[in-house]
Amino acid sequence: RHVIQRSTARRGITKWLYNLFGEESWAAASSLAVPDWFAEGDAVWSETVLSGQGRGRIPNFLKGYRTLALEDKNISYVKARNGSIRDYVPDHYRLGYLMVDHGQKQYGYSLWKDVFMDASAYRGMIYPFSNALKRVTGASTRDFYENMISERTDLWKQRQTMMQARPVYHPLQIPKTFTDHLYPRLSPTGDIIYFQRSYHQTGAYFYVNEHGTAHKMISRGISSEIYYGYNKGWLAWTEMTQDPRWVERNYSNIILYHELSDKRIKVTTRGKYFAPQPSADGSRIVAVHQGEDMQSKLEVLDTRTGDTKYTFKGPADWVFTYPQWYRGTQSIISAVRSAQGEMALVKVDVASDSVSLLLPFRNTVIGSPWIDGEVVVYSAHHDLSEQIYQTSIDNGSTARLTLEPNGAFQPFKRG
């Protein structure tokens with residue numbers, strides 16, 4: 001989509017600069033004329049309407065704007081456009097998708113073509129995109145944004161009245177700077193362990209006790225994923241490292257941490273692992289391995305030596321995510337994605353090297369499954385929101401556990 005955008009932008013002053021100074025001037029002129037929210041929003045909108053699996057179809061994608069709307073927190077166009085280093089503001093991909101979608105519905109499919117071509121030609125040297133939008137719609141960019149927010153807020157609030165929200169428990173001290181608290185886990189001592197990050201702090205693992213007092217456990221290095229595995233006092237996550245000679249070559253290695261002893265172990269070097277899950281005694285880790293052959297595999301590693309003890313490949317087009325131990329280390333349950341983008345839950349028996357379907361492939365995103373006895377608890381789409389479900393490992397029966405207005409995710413269930 002971006003190739004089409006760049007090609008279409010070569011007109012007027014942009015084309016003149018291209019003819020004089022070449023492709024760099026072409027790129028610079030089109031980038032100055034067209035805001036980044038439109039470039040990315042148009043791409044997301046296109047992938048959404050032209051496929052069954054674009055980001056606009058994923059409830060989690062617009063969760064931030066839904067949250068702001070449902071809590072009556074209005075942000076100005078300038079803040080939505082430029083972001084904030086203190087408050088939560090969804091990025092330009094989400095802003096752009098909402099703006100493009102609103103324009104298509106209100107003014108038809110030719111709207112953005114006309115606006116984009118006028119802006120790229122610099123018909124109006126100052127704020128060419130805003131001027132083009134006002135010429136075509138009669139509304140300034142700020143008014144256009146406010147109309148979009150008003151329309152979406154009404155829609156989301158209508159849906160909220162049809163759902164029953166559970167009580168929300170906030171931390172005793174709400175930080176002034178926007179802070180994420182992610183992947184809550186319950187320790188054997190009753191503390192809640194979670195990953196915390198904010199706009200002015202690097203990510204770290206914390207626990208909060210029964211009195212509501214939070215304590216930092218350990219900081220985490222740079223990682224390509226937020227997820228971490230937890231099992232009875234053992235935490236496992238991945239951190240990225242770089243080849244000292246070939247800087248474009250990087251690795252994703254597994255780190256194991258024991259809560260009680262405060263011991264940190266680097267399990268692998270030069271690895272390409274993701275979503276590690278430790279065993280109850282910390283002696284084994286199951287993780288997703290994505291090597292240079294681009295095939296996704298499940299690997300069981302010895303945490304003392306880093307050696308691979310078991311590998312399960314599955315069909316070549318499967319991509320494994322969030323593997324979990326089941327019945328000690330006898331089986332592994334994992335979400336998996338097919339080449340068609342559909343997802344399922346599978347159970348891998350380590351002894352027989354066989355796999356069975358717990359939940360058939362369907363066009364939905366399955367997030368962070370967790371094993372609770374004989375059921376798998378996970379998040380999946382429900383209409384326009386993400387909710388928590390559980391599926392019986394024995395017979396495959398499925399039940400929805402939540403119906404939250406803005407969705408629920410990253411479940412942890414015990415008993």
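Visitor: Before we start, what are the ground rules for the numbers?
Guide: The model is predicted, and local features need pLDDT of at least 70, side-chain atom pairs count only at pLDDT 80 or more, and totals for chains, interfaces and linings use all residues. Residues are numbered from 1 along each chain as its sequence is written, and side-chain values use heavy atoms, with hydrogens and water left out.

Visitor: OK, which residues touch the most other members of the largest nonpolar core?

Guide: They are Tyr65, Trp112 and Tyr145, in a core of 37 residues. A nonpolar core here is a set of buried Ala, Val, Leu, Ile, Met, Phe, Trp, Tyr and Cys residues joined through side-chain atoms within 4.5 Å, where buried means under 20% relative accessible area, exposed over 50%, and partly exposed in between, with a 1.4 Å probe and protein chains only.

Visitor: And which elements give two or more residues to this core?
Guide: Helices H3 (23–33), H4 (36–49), H5 (63–70), H6 (77–82), H7 (92–107), H8 (111–120), H9 (128–137) and H10 (141–160) do. Helices (H or I, at least four residues) and strands (E, at least two) are DSSP runs, numbered from the N terminus. A second, separate core has 15 residues, including Phe195, Met217, Tyr228 and Tyr257.

Visitor: Back to Trp112, what does Trp112 touch?
Guide: Leaving aside residues up to four places away in sequence, Trp112 touches Trp37, Phe38, Met99, Val100, Gly103, Gln104, Phe129, Leu133 and Phe144, a contact being heavy atoms within 4.5 Å.

Visitor: Let's take H3, which residues are buried there?
Guide: In H3, the buried residues are Ser25, Trp26, Ala29, Ser30 and Ala33. Seen down the axis of H3, these fall within an arc of 125°, so they line one face of the helix; the arc is that of the directions from the helix axis to the C-beta atoms. As background, an α-helix has 3.6 residues a turn, so residues three or four places apart point the same way.

Visitor: What do the buried residues of H3 pack against, and what does the face turned away carry?
Guide: The buried residues of H3 pack against helix H1 (2–9), helix H2 (12–21), H8 and H9, while the face turned away from the buried side carries the exposed residues Glu23, Glu24 and Leu32.

Visitor: New topic: how many salt bridges does the structure hold?
Guide: The structure holds 19 salt bridges, each being a side-chain nitrogen of Lys or Arg within 4 Å of a carboxyl oxygen of Asp or Glu.

Visitor: Asp243 and Arg270, how far apart in sequence are the parts tied together by that pair?
Guide: The side chains of Asp243 and Arg270 meet in a salt bridge at 3.3 Å, N to O. Asp243 lies in the loop between strand E6 (234–242) and strand E7 (250–258) and Arg270 in the loop between strand E8 (263–266) and strand E9 (273–278), so the pair ties together parts that are 27 residues apart in sequence.

Visitor: Are those two buried or exposed?
Guide: Asp243 is buried, with a relative accessible area of 5%, whereas Arg270 counts as exposed at 53%.

Visitor: And which residue forms a salt bridge with Lys297?
Guide: Asp293 does, with the closest N and O atoms 3.7 Å apart. Asp293 is exposed, with a relative accessible area of 52%, and Lys297 counts as buried at 8%.

Visitor: Last one: where is Leu70, and what does Leu70 touch?
Guide: Leu70 is in helix H5 and counts as buried at 16% relative accessibility. Leu70 touches Trp156, Lys157, Gln160, Pro405 and Asn406, not counting residues up to four places away in sequence. Leu70 and Trp156 are 86 residues apart in sequence and 7.2 Å apart in space, C-alpha to C-alpha.
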